[in-house]
Amino acid sequence: FGETERSIEAHLLEHGRELYGETVKITWVARIRDVMSFASPRELRGQLQRDAETARRALAVPPRRTPG
């Protein structure tokens, strides 16, 4: 989005608690990918799913079970 400052985007896997206003400590484990642009929300969602799978492998976290 044209930002020039460095930043980290973190997604919490398997976490349902509200964390707004809380202090969260993030430990660097692995870089998932470079910044990418997406042509559609669908492409972004697909990449986020792949990123989550990559993160789970890096952290050895089992895949999330979906209800159904």
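Modeller: Buried denotes under 20% relative accessible area, exposed over 50%, and partly exposed the range in between (1.4 Å probe, protein chains only). This is a predicted model, in which local features need pLDDT of at least 70, side-chain atom pairs count only at pLDDT 80 or more, and totals for chains, interfaces and linings use all residues. Residues are numbered from 1 along each chain as its sequence is written, and side-chain values use heavy atoms, without hydrogens and water.

Colleague: How many salt bridges does a search of the whole structure find?

Modeller: A salt bridge requires a side-chain nitrogen of Lys or Arg within 4 Å of a carboxyl oxygen of Asp or Glu. On searching the whole structure, the number found is 3.

Colleague: Is aspartate 34 buried or exposed?

Modeller: Aspartate 34 pairs with arginine 31 in a salt bridge, with 2.6 Å between the closest N and O atoms. Arginine 31 has 55% relative accessibility and counts as exposed. For aspartate 34 the value is 51%, so this residue is classed as exposed.

Colleague: Which residue forms a salt bridge with arginine 17?

Modeller: Arginine 17 is exposed, because its relative accessibility is 54%. The closest N and O atoms of the pair are 3.8 Å apart, and the partner is glutamate 22.

Colleague: What is the relative accessibility of aspartate 51?

Modeller: Aspartate 51 meets arginine 33 in a salt bridge at 2.7 Å, N to O. Arginine 33 lies in the segment before helix H1 (41-59) and aspartate 51 in helix H1, so the pair ties together parts 18 residues apart in sequence. Arginine 33 is partly exposed at 27%. Aspartate 51 counts as buried, its relative accessibility being 13%.

Definitions and conventions:
Helices (H or I, at least four residues) and strands (E, at least two) are DSSP runs, numbered from the N terminus.
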